[in-house]
Amino acid sequence: MPVLDYGHLLAPGGLYRAQIAVRTVMAWPDIGDEQSRREYVATLMSIHLADLKAKRDALPDPAAADGWEETILAIEQHEAWMATHEEFEAWFDEAGGHATVSMAPGFRFSEKGMEKRVGGWFAAGLILALVRRMAMHHADLPGGASVNKAVFILERVKLPNVPRNSHDLRKAWKTYKPVAHFCAVLFDWFMIAFTHNETPEEVGAAMEGELNENFMMFLSEAEEYLEFGLAHQPLRAKGQTLLDPDETWILPQYRPWPESPFKPQPLSGAMLEAALDYRAPLPSV
């Protein structure tokens, strides 16, 4: 099992580092994609270090401060700058430093590549989420809870930013199955932001704010999806679990988050109708 290395979550910058760790394995989920993940982290840290360098000259001079309060404030700002610089520099070095950046395709190229992956992430996450909902609430469905049934539902229920044909849905599942637990939470949170905001810009801002403020809860919800996926055995899967333990990115033992209040709801409306319509006797993936 590949283990997600997100460092110490409660350390300064720990949750930001965890976000980056999740983002990189979602973008490059194959175990053999380590170089791509390192290139992304090194490039991102080099950008942060350049920004910090530009801000250093704007820091107030403690020696020129007017009074002890301004002096203390200036010292604190310098100390905060130094701590952040040391942190980013350490992550930069861990990722291979300048040598890795020199081999990287560029940050904008990587970011555009991630944007193109969103549909695949959502598809993989939805397949895992639908199988979980069917297993928990609809044990009487013919054939049980399976990937095939989830794909059948998604073909018929049109959801935003999700592929609409079985070929693309299955391709997304095959590609992002190792990180489907993260993808499932990402889509859950996207739908909440989508429901309460009107424009794509507002949805994006709401998502970013939620991830920055509540990333610990993101990991908590991902853990529940992960545990289900590693335990659930579809009826026709010959004893194999929904998520492959040899490929799935698991969370470290260090998990200092509260239990997630999120509970999967039963299928309803068009999703339930599609699940009931499913008859094809295809083996589960």
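**The whole chain**

Start with the protein chain in cartoon view: it has 11 helices and zero strands. Follow the chain along its sequence and the pattern reads α-α-α-α-α-α-α-α-α-α-α. Keep in mind that this is a predicted model.

Along its principal axes the trace spans about 75 × 40 × 35 Å. Of the 285 residues in the chain, 45% count as buried. Take contacts between residues at least 6 apart in sequence: 73% of these join residues at least 24 apart.

**Stop 1: the segment before H1**

Select Pro 2, which sits in the segment before helix H1. Is Pro 2 buried or exposed? Its relative accessibility is 10%, so Pro 2 counts as buried. Pro 2 and Glu 247 are 245 residues apart in sequence, yet their C-alpha atoms are 6.6 Å apart in space. Beyond residues up to four places away in sequence, Pro 2 touches Ile 31 as well as Pro 245, Asp 246, Glu 247, Thr 248, Trp 249 and Ile 250.

Move along to Tyr 6, which also belongs to the segment before H1. With 1% relative accessibility, Tyr 6 counts as buried. Which residues are in contact with Tyr 6, leaving aside its neighbours within four places in sequence? Show Gly 14, Arg 17, Ala 18 and Ala 21, then Leu 219, and finally Leu 251, Pro 252, Tyr 254, Arg 255 and Trp 257.

**Stop 2: H1 against H8**

Two packed helices are described by the angle between their axes and the distance between the axes. Here the angle is about 110 degrees and the axes of H1 and H8 are 10 Å apart. That angle makes H1 roughly perpendicular to H8. To see the contact itself, show side chains for Val 22, Val 25 and Met 26 of H1, together with Phe 182, Cys 183 and Leu 186 of H8. By class, this contact has six nonpolar residues, with no polar and no charged ones.

**Stop 3: along H8**

Stay with H8 and check its length. The 17 residues of H8 should span 24 Å at 1.5 Å a residue, and its end C-alpha atoms are 25 Å apart, which agrees. How many residues of H8 are buried? The count is 12 of the 17, so H8 is largely enclosed by the rest of the structure. The buried residues run from Ala 180 through His 181, Phe 182, Cys 183, Ala 184, Val 185, Leu 186, Phe 187, Asp 188 and Trp 189 to Phe 190, with Ala 193 as well. To see what they pack against, show H1, helix H5 (107–137), H7, helix H9 (200–213) and helix H10 (215–231).

**Stop 4**

Select Thr 43, found in helix H2 (residues 34–56). Thr 43 has 9% relative accessibility, so this residue counts as buried. Not counting residues up to four places away in sequence, Thr 43 touches Val 101, Ala 104 and Phe 107.

Then go to helix H3 (residues 68–94). From its first C-alpha to its last, this helix of 27 residues reaches 39 Å, close to the 39 Å expected at 1.5 Å a residue. Highlight Ala 74, Trp 81, Glu 87, Phe 88, Trp 91 and Phe 92, the buried residues of H3. These buried residues pack against H1, H2 and helix H4 (97–103). Just after H3, look for Gly 96, which takes a positive phi of about 110 degrees.

**Last stop: the loop between H6 and H7**

Finish at Asn 161, in the loop between helix H6 (147–156) and helix H7 (166–176). Asn 161 is not a glycine, although it has a positive phi of about 65 degrees. Its relative accessibility is 48%, so Asn 161 counts as partly exposed.

Notes. Residues are numbered from 1 along each chain as its sequence is written. This is a predicted model: local features need pLDDT of at least 70, side-chain atom pairs count only at pLDDT 80 or more; totals for chains, interfaces and linings use all residues. Side-chain values use heavy atoms; hydrogens and water are left out. Axes are lines fitted to C-alpha atoms, for helices over the stretch in contact, and angles run from 0 to 180 degrees between N-to-C directions. Helices (H or I, at least four residues) and strands (E, at least two) are DSSP runs, numbered from the N terminus. Angles under 35 degrees count as roughly parallel, over 145 as roughly antiparallel, 65 to 115 as roughly perpendicular and the rest as oblique. Contact means heavy atoms within 4.5 Å. Ala, Val, Leu, Ile, Met, Phe, Trp, Tyr, Cys and Pro count as nonpolar, Asp, Glu, Lys and Arg as charged, and the others, Gly among them, as polar. Buried means under 20% relative accessible area, exposed over 50%, partly exposed in between (1.4 Å probe, protein chains only). The expected span of a helix is 1.5 Å times one less than its number of residues.
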